[in-house]
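Thanks for coming. I have one structure to go through, and I will keep to what can be computed from it.

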Amino acid sequence: MAKVETQGLEKYFGEVKAVDGVDIASREGEFLVLLGPSGCGKTTLLRMIAGLEKPSAGDILIGGEAVTHLPPRARGVAMVFQSYALYPHMTIYKNIAFPLKAVSMPKDDIDRKVRWAASMFGIERLLRRKPRELSGGERQRVALARALVREPNVFLLDEPLSNLDAKLRTSAREELHRFQKDVEITTIYVTHDQIEAMGMGDRIAVMNQGKVHQLGSPKEVYSDPSDTFVAGFLGSPPMNLIKTEDRIIGFRPECFLPRELLGGSGDLESFTVEVSRVEDLGSDRLVYGRLEKRFGHHQVVANLPTSFTHYSIETGGTYDFAVPRKDVKFFDVESGLRAEPIPL
Amino acid sequence: MVEEKKGVKWIFLKFAHFGTLAIFAFFASLPFLWMLITTFKQDADLYNRANNPFIFNMAPTLSHIEYLFTETQFVQWLINTAFVGVLVVAITLVLAIPAGYSLVRLGGRWGEAIGIGIFLTYLIAPTILFIPMSRVVATVGLQDSLWSLVLVFPSFTIPFAIWLLMGFFKAIPPDLEEAAMIDGYSRFGAFIRMVLPISTSGILTVVIFSFTLVVQEYIYTLTFVTAASKYTVSVGVPTFLVHGDVYNWGGLMAGCLIASLPIAIVYNFFVDRFIGGLTMGAVKG
């Protein structure tokens with residue numbers, strides 16, 4: 001267990017700034033997710049922590065010790081690659097034993113630890129096989145067992161679930177999360193999938209264009225976004241962002257409901273919506289439409305849960321919608337950062 | 001009816017498939033067949049134009065092989081060829097493997113261009129190079145020595161081997177070496193434990209190719225070596241079995257057959273990997 005910290009970390013690839021002054025610090029035993037769109041620098045950041053990329057500037061500390069100039073093998077980290085990177089010419093047993101052989105561990109101890117790691121992931125029966133004979137899910141477990149076997153201080157996981165099919169991904173997500181809580185090893189997990197991030201992370205660092213936009217719990221980054229990027233990146237569909245003269249106002253589609261469904265509950269902001277399309281997704285109903293003129297006929301989307309199926313909405317109709325005042329977020333027009341609320 | 005139609009079509013396709021293969025196989029093996037028949041043919045049989053050249057019209061004979069082994073230094077030439085071949089292959093591997101790997105993984109933007117540049121040197125014909133090379137050989141005092149060949153042959157095996165190996169190394173996902181580096185090895189350790197075992201077919205391709213290039217080399221050996229006892233097969237056989245305009249065809253063919261057998265046998269053992277290696281090099285190189 002160890003804290004991972006980056007201080008002013010930068011990485012240039014030629015003229016391109018892939019990582020732009022990142023300062024983050026994990027907590028001990030934490031599951032920290034780096035989330036962002038492709039090319040946002042999250043994998044580069046992870047690779048710098050692993051020692052596979054040399055930072056252009058800044059420092060990396062693991063367990064309070066500067067490791068910026070140490071080779072990957074001296075950092076006490078284990079990494080699971082997106083491709084799993086299983087050694088194709090070795091059996092699963094030898095794959096898992098490989099990191100232990102590197103430290104010249106006695107043969108008996110290697111055997112004991114390989115079997116322990118394999119039992120953690122229920123892959124004892126695969127030990128004699130070669131990686132090519134394994135399914136995607138089995139390969140992923142082998143990669144995790146290989147990472148676990150030398151009991152590292154930090155786990156680095158680079159989109160380890162992205163090669164699995166949707167059904168398997170759900171169970172693997174749960175398994176991975178439980179495993180991390182059991183071993184309590186600090187984990188940094190890179191993904192572009194917000195469901196993975198929200199479901200597994202203790203905290204999420206939302207990244208874009210090499211910068212960390214917000215670091216916070218899943219609830220914080222979702223409900224209390226620090227800027228318009230985070231607001232627009234998280235959620236499906238994402239937060240409605242409406243540009244006015246003084247502020248950008250944002251509200252989540254699921255907080256944006258027909259006024260009469262919200263009843264007289266508290267302080268509400270009302271909008272008139274001309275509905276252009278209704279999508280019934282089974283579990284939810286998405287209502288697309290335009291706001292009234294004072295909001296520049298801005299496109300918005302509302303997400304009505306199934307419990308409101310009785311409420312009929314027709315394409316082409318005009319309806320009164322509202323958002324509880326506490327759920328409306330205000331952002332600065334220039335910087336996109338959170339700003340003081342103003343009356344609408 | 002449908003099944004019958006399918007059956008006819010299937011038979012026709014199989015026939016066309018194997019027919020085509022048979023034509024290619026026959027075409028490719030004809031020189032060997034010719035070599036084999038001529039090796040064991042009596043001269044009187046060979047030179048009689050009324051005879052069918054593809055069969056033994058007179059009893060087969062071992063006289064050509066006997067001549068080769070008793071009247072010439074053929075055994076010594078085989079030993080010389082093997083000696084030079086093994087050393088050249090070893091030198092080629094020692095230099096080309098790290099070079100190919102570095103150009104692919106560490107060469108950055110220039111790696112590919114340098115690789116192509118190196119390969120271009122392979123295209124310069126020995127007929128142009130042997131004159132400057134003979135100066136080099138003379139300067140280092142290796143005239144009339146097999147070591148001159150050991151020195152000069154890598155100049156054409158290494159560029160080719162680097163180019164071939166670059167294709168292989170490029171096909172290995174960098175993740176594997178990076179995983180090994182995180183698992184506790186240096187880059188060199190990862191290279192030895194991860195890259196080399198995975199590249200066996202590429203290395204084997206280089207071994208077979210380099211050895212074949214050495215065995216068939218003619219002009220450098222003819223230039224740098226004068227003593228008959230230091231000839232390789234490719235120079236010794238034509239020099240001693242062609243007297244003026246009299247060709248000892250039986251002996252010539254016997255010499256070629258014996259020299260090509262070991263390569264043919266090794267090649268057949270590894271043919272699958274070899275073809276895998278060649279096509280990978282072709283696609284990725």
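Which residue in E5(A) is the bridge partner of Ile62(A)? The bridge partner there is Glu65(A). Before I go further, the conventions. This is a predicted model, where local features need pLDDT of at least 70 and side-chain atom pairs count only at pLDDT 80 or more, while totals for chains, interfaces and linings use all residues. Residues are numbered from 1 along each chain as its sequence is written, chains are lettered from A and ligands numbered from 1 in the order in which they are written, and side-chain values use heavy atoms, with hydrogens and water left out.

Back to E5(A). Helices (H or I, at least four residues) and strands (E, at least two) are DSSP runs, numbered from the N terminus, and two strands pair if DSSP finds at least two bridges between them. Strand E4, residues 57-62 of chain A, pairs with E5(A) in the antiparallel sense over two bridges. Leu61(A) has Ala66(A) as its bridge partner in E5(A). E4(A) and E5(A) form a hairpin with two residues between them, and Gly63(A) in that turn has a positive phi of about 60°.

Axes here are lines fitted to C-alpha atoms, for helices over the stretch in contact, and angles run from 0 to 180 degrees between N-to-C directions. Contact means heavy atoms within 4.5 Å.

Next, another sheet in chain A. Three strands form an open sheet in the order E11-E12-E18 (chain A), and the pairing is antiparallel. Why is one side of E11 and of E18 left without a neighbour in the sheet? E11 (240-243) and E18 (329-332) of chain A stand at the edges, each with a single partner strand, so one side of each has no neighbour there. The twist averages 25° from one strand to the next. E11(A) and E12 (residues 247-251) of chain A pair in the antiparallel sense over four bridges, and Lys243(A) has Ile248(A) as its bridge partner in E12(A).

Chain A as a whole, then. It has nine helices and 18 strands, and its C-alpha trace spans about 75 × 45 × 35 Å along its principal axes. Of the 344 residues in chain A, 51% are buried; buried means under 20% relative accessible area, exposed over 50%, and partly exposed in between (1.4 Å probe, protein chains only). Among contacts between residues at least 6 apart in sequence, 63% join residues at least 24 apart.

Thr157(B) is in helix H8 (residues 154-171) of chain B, and counts as buried at 0% relative accessibility. Leaving out residues up to four places away in sequence, Thr157(B) touches Val88(B), Thr92(B), Ser210(B) and Leu213(B). Val94(B) sits in helix H4 (residues 74-105) of chain B, and counts as exposed at 58% relative accessibility.
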